[in-house]
Amino acid sequence: MSTWIKITPLNNIPLREGRCVTLGRKEIAVFHLPEKVLAIDNRCPHSQGPLCDGITTGTHVVCPLHGWKIDLETGKVARPDVPVGVNTYPCRVNSDGIVEIKVAAGMEAEVAA
Amino acid sequence: MARKKLKQQLIVIGNGMAGIGCLEQILRHDHNFEVTVFGDETHVNYNRILLSSVLAGEKPVDDITLNPLAWYLEHQITLRLGIRINAIDPVMRTITGDDGSVTSYDKLLIATGSKPFIPRIEGVEKDGVCAWRTLGDTQWILNRTRPGMRAVVIGGGLLGLEAARGLQVRGCDVTVVHLRDRLMERQLDSIGGRYLRTKIEALGVKVLLDKSTAAILGNGHATGVRLSCGTELPADMVIVAAGISPNADLGKQAGLQVNRGIIVNDYLETSNPDIYAVGECTEHRGVCHGLVAPLLAQGKVLAATITSNRGATFEGAIPAAKLKIMGVDVFSAGSTEEGPGIETVKYEDESQGVYKRLFLDGGRLVGAILVGDINDSSRYSEWLRTGADLTAKRRTLLFPDPIADNGDAAAMLSDSDTVCGCLGVSKGQIIEAIHEKGVCTMAQLKESTRASTGCGSCGNMCMDILRAVAPNFEEETKKVLCKCVPFPQEQIKEMIRTQRMKSVQEVLDIYGNGLGCEVCKPALSYLVDVVNCGDHDEDRSTRFINDRVHANIQNDGTFSVIPRMRGGITSPNELRKIADVADKYNVPMVKVTGSQRIDLLGVKKEDLPKVWADLGMPSGQAYAKGVRMVKTCVGSTFCRFGTQDSIATGVELERRLENLFTPHKTKMAVVGCPRNCAEATVKDIGLVGQEGSWQVVVGGAAGKSVRKADLLITVSTTEEALAAAEVFFQYYRESANYLERTYDFVERHGIEKIRRDTVYAQDAVKEALLDRLKKSKNLSQDAWLERDNPINSTQFVQIQPMEQPVIPLNPSYLRTHVSAAND
């Protein structure tokens with residue numbers, strides 16, 4: 001069981017930038033890249049920096065606080081070399097140009113845990 | 001005098017790579033020549049291969065000079081530039097120039113190169129049509145191209161594609177019209193041609209294959225071209241790059257044996273015993289060579305022949321081309337034709353754009369095509385040269401053993417292996433230069449052996465050998481900005497200037513990896529701003545968050561707000577507003593800063609525009625690499641020791657420079673007497689008042705580094721002091737590297753050079769600096785005005801989702817509802 005949730009028109013997120021959106025209590029950062037949109041948890045695993053405010057480099061984002069680099073496709077921390085990461089969320093742009101995020105059934109359980 | 005007459009007159013017709021390359025070799029022999037060189041271009045010998053880099057703005061013209069004037073002087077060579085030789089009299093042994101001069105020779109060396117082949121196209125003589133061959137042609141093109149201009153390039157060979165790339169980089173709308181069914185058909189097969197085409201089209205250059213040009217349209221000036229199929233293409237400029245043909249007319253006129261080129265034997269002798277020829281104007285065993293390596297090989301042989309050391313022979317050369325066309329590496333060598341008995345081995349990866357094909361004949365390599373990955377080209381060149389039997393290696397021809405260490409590739413070469421194909425320098429010669437001549441830098445190696453001065457593609461291998469062998473090896477000190485845009489900042493500024501680039505993405509697409517990172521994007525943002533004096537295309541995605549929302553991000557993701565308080569002067573009214581804002585927005589902390597200002601800490605991003613509006617004060621740029629503040633002491637306004645009006649002067653200095661960006665933050669101070677209460681001598685720019693004069697000091701610091709500022713100049717009036725500060729300020733903006741504080745900048749350049757370039761510079765130089773500062777200043781504005789005109793719809797606003805999940809993600813909500821349902 002999963003649902004696509006309509007977030008916002010794509011043009012509300014400038015190209016190569018991210019924006020934060022709150023679903024329930026969860027802050028999710030959505031990034032508008034040249035070829036796709038990607039969504040991850042907004043808070044950096046290092047010290048909770050707002051990833052939506054980071055500079056993107058290809059399909060990575062660099063946290064504005066201390067420069068941790070997060071892979072937007074896998075959620076893994078690419079720099080420094082630490083085995084942690086953030087959640088990723090399936091994300092797409094529908095035919096009306098609206099960004100949608102897929103909320104999986106398992107996600108609520110994960111958040112609750 | 002008598003001795004001089006004994007010398008033989010050697011005349012070289014042609015001042016290009018082949019002629020001068022040969023002359024360099026002649027000078028290495030024991031010779032008895034008095035040398036005169038005639039060149040019809042007006043430039044000293046330059047590297048013609050690199051004209052494409054000049055066109056594309058990667059190199060300034062001076063960088064492609066091979067032999068500066070000093071070289072000709074040093075070797076007592078008479079250089080006659082801008083003179084075309086019209087006639088040779090082989091009986092009287094004289095030559096006649098188009099200036100009417102007649103010069104006698106004992107030995108004559110023809111190195112006239114080649115000329116562009118101009119197809120018979122109606123209207124090809126029109127203005128706006130150019131064949132691209134010389135530095136002069138390149139400058140003609142550079143002077144005419146403007147972004148948005150439509151250009152048609154006739155010819156999709158090597159030269160045509162390089163022209164197309166140069167024009168595309170300069171913002172032109174480029175179409176390549178090619179007669180054949182694939183690009184670079186002389187070097188590539190149809191698959192290789194297709195890979196190249198895909199890549200080139202992706203860069204925005206249109207490619208039309210199988211099309212011939214019927215006419216150039218336009219009344220006097222070209223306005224378009226008509227193809228044979230009837231299609232008309234509008235064009236403001238037409239570049240003809242349809243190939244070259246040997247410049248052999250002089251040879252014909254002198255009665256030499258001439259076919260397509262001047263016919264030479266294996267010793268580079270022509271049919272006249274006193275006349276020799278070298279380079280693209282010659283034909284050897286039926287082949288006219290057009291690449292640099294064989295021409296320089298010919299020069300070596302001819303140098304031996306002409307200095308009475310006849311013996312070495314030129315046996316022809318395997319054609320090989322290694323180049324980068326619009327970011328695609330291409331290597332082609334040997335015979336790349338299919339035929340009976342020819343077997344081929346292929347590797348193809350479409351999504352990576354990598355294509356490799358080897359041509360084998362009886363177990364020996366006869367040709368190779370590499371597109372997209374040319375790392376193995378030297379291995380294949382070597383196999384082609386030696387004709388090694390590859391039967392045993394058949395399964396791994398395309399897959400070399402992984403190289404474990406960097407020195408390995410160098411270690412795998414034998415001493416006789418050629419490293420620089422252009423200049424014919426072997427690994428052994430490089431090692432000899434290192435040991436015998438103490439060579440330990442790339443620059444010294446180039447000077448000593450000429451290795452890597454041709455196409456430059458062997459540079460990495462030369463570095464590897466230097467690194468491995470030279471005991472005192474020194475890396476080049478040129479520091480590149482970032483691996484995304486691997487050029488020194490100085491060069492990037494030059495590229496932005498000459499290519500008129502206005503956005504970060506343009507620089508990344510054309511000179512970089514197209515992506516950029518958190519290091520180079522803010523740096524490039526600064527560089528496109530400063531080079532264009534503020535008239536650039538602002539892209540906030542390349543800016544650090546502070547510069548996207550004009551506030552300083554704090555460790556909890558909130559922001560600090562510091563309004564501008566010029567000279568540290570405020571008023572009861574401003575203080576009241578600050579207090580009201582602090583109350584209204586529940587600002588967790590209000591703090592007096594070290595810069596005589598007030599900081600509101602802990603403001604939420606979405607509150608920023610409202611906070612700024614309520615304050616009604618301009619941005620203090622406390623978040624930016626820009627003009628922070630001018631701190632002042634009380635000065636003559638109140639202080640009993642004050643000698644100068646530091647407050648008014650400080651406020652005025654801040655007004656003149658505020659809202660501008662600098663390589664790093666710029667902090668200033670003005671003090672009214674040498675007691676220095678506002679610490680001007682540890683600021684980036686300081687004005688120190690004394691009785692009847694001001695000292696302007698620069699490069700001070702009292703932060704991470706502590707440094708006493710250097711005295712720039714002492715002046716008598718306040719206006720002079722402000723002007724000196726402005727001149728230095730703009731000079732720092734233009735000359736420092738991004739993130740270089742004035743204290744590092746002043747140390748790096750030395751205060752004496754800075755004085756010469758600023759306050760002691762000619763008036764015109766100072767005025768130009770001030771003009772550019774003024775232009776930037778006029779286009780700048782208080783960043784906080786974006787509260788009324790945000791740069792995009794969500795600059796400060798938190799996005800509200802159009803819908804929430806049906807089952808909310810809030811776990812407590814979820815639990816409540818589940819338990820409620822269970823109840």
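**Figure 1. The salt bridge between B:Lys356 and B:Asp376 in the predicted model.** In this predicted model, B:Lys356 and B:Asp376 form a salt bridge whose closest N and O atoms are 3.9 Å apart. The pair links distant parts of the chain, the two residues being 20 residues apart.

**Figure 2. The salt bridge between B:Asp417 and B:Arg385.** The closest N and O atoms of B:Asp417 and B:Arg385 are 3.8 Å apart in this salt bridge. B:Asp417 is placed in the loop between α11 (406-412) and β26 (418-420) of chain B and B:Arg385 in helix α10 of chain B, so the contact ties together parts that are 32 residues apart in sequence.

Figure 3. The side chains of B:Arg656 and B:Glu726 meet in a salt bridge with an N to O distance of 3.1 Å. B:Arg656 is part of helix α21 (residues 646-657) of chain B and B:Glu726 is part of helix α22 (residues 718-735) of chain B, so the pair ties together parts that are 70 residues apart in sequence. Both B:Arg656 and B:Glu726 are buried.

**Figure 4. A network of salt bridges in chain B.** The view shows B:Glu538, B:Arg540, B:Arg543 and B:Glu786, which are linked in a network of salt bridges. Over all chains, the structure holds 59 salt bridges.

**Figure 5. Helix α2 of chain B and its surroundings.** Helix α2 (residues 17-28) of chain B comprises 12 residues. From its first C-alpha to its last the helix reaches 17 Å, close to the 16 Å expected at 1.5 Å a residue. The helix is mostly covered, with 10 of its 12 residues buried. Among the buried residues are B:Met17, B:Ile20, B:Cys22 and B:Leu23, as well as B:Glu24 and B:Gln25. An α-helix has 3.6 residues a turn, so residues three or four places apart point the same way. In α2(B), the buried residues include B:Ala18, B:Gly19, B:Gly21 and B:Ile26. The elements that cover the buried residues of α2(B) include the strands β1 (8-13), β2 (33-39) and β7 (107-110) of chain B. Helices α4 (69-74) and α9 (292-306) of chain B are also included in this cover. As context for the view, the secondary structure of chain B comes to 26 helices and 38 strands. Of the 823 residues in chain B, 53% are buried. Among contacts in this chain between residues at least 6 apart in sequence, 61% join residues at least 24 apart.

**Figure 6. The interface of chain A and chain B.** The contact takes 41 residues from chain A and 41 residues from chain B. Together the two chains bury about 3,300 Å² between them, of which 57% is on carbon and sulfur atoms. Three salt bridges are found across this interface. In a salt bridge between A:Arg79 and B:Glu518, the closest N and O atoms are 2.9 Å apart. Between chain A and chain B, 17 residue pairs are in polar contact. On the side of chain A that touches chain B, β1 (2-9), β2 (18-23), β5 (55-57), β11 (98-104) and α1 (105-112) each supply at least two residues. The most is given by β1(A), with six residues. The residues of this side of chain A divide into 21 nonpolar, 10 polar and 10 charged.

**Figure 7. The surroundings of A:Thr57.** A:Thr57 lies in strand β5 of chain A and counts as buried at 10% relative accessibility. A polar atom of its side chain is 2.7 Å from the backbone oxygen of B:Gly516. Leaving aside residues up to four places away in sequence, A:Thr57 touches A:Val62 and A:Lys69 in chain A, and B:Gly516, B:Cys517 and B:Glu518 in chain B.

Conventions. Residues are numbered from 1 along each chain as its sequence is written. Chains are lettered from A and ligands numbered from 1 in the order in which they are written. This is a predicted model: local features need pLDDT of at least 70, side-chain atom pairs count only at pLDDT 80 or more; totals for chains, interfaces and linings use all residues. Side-chain values use heavy atoms; hydrogens and water are left out. Contact means heavy atoms within 4.5 Å. Buried area is the accessible area (1.4 Å probe) that two parts lose on being put together, summed over both. A salt bridge is a side-chain nitrogen of Lys or Arg within 4 Å of a carboxyl oxygen of Asp or Glu. A polar contact is a pair of N or O atoms within 3.5 Å; within protein, one must be able to donate a hydrogen and the other to accept it, and residues adjacent in sequence count only if both atoms are side-chain atoms. Helices (H or I, at least four residues) and strands (E, at least two) are DSSP runs, numbered from the N terminus. Ala, Val, Leu, Ile, Met, Phe, Trp, Tyr, Cys and Pro count as nonpolar, Asp, Glu, Lys and Arg as charged, and the others, Gly among them, as polar. Buried means under 20% relative accessible area, exposed over 50%, partly exposed in between (1.4 Å probe, protein chains only). The expected span of a helix is 1.5 Å times one less than its number of residues.
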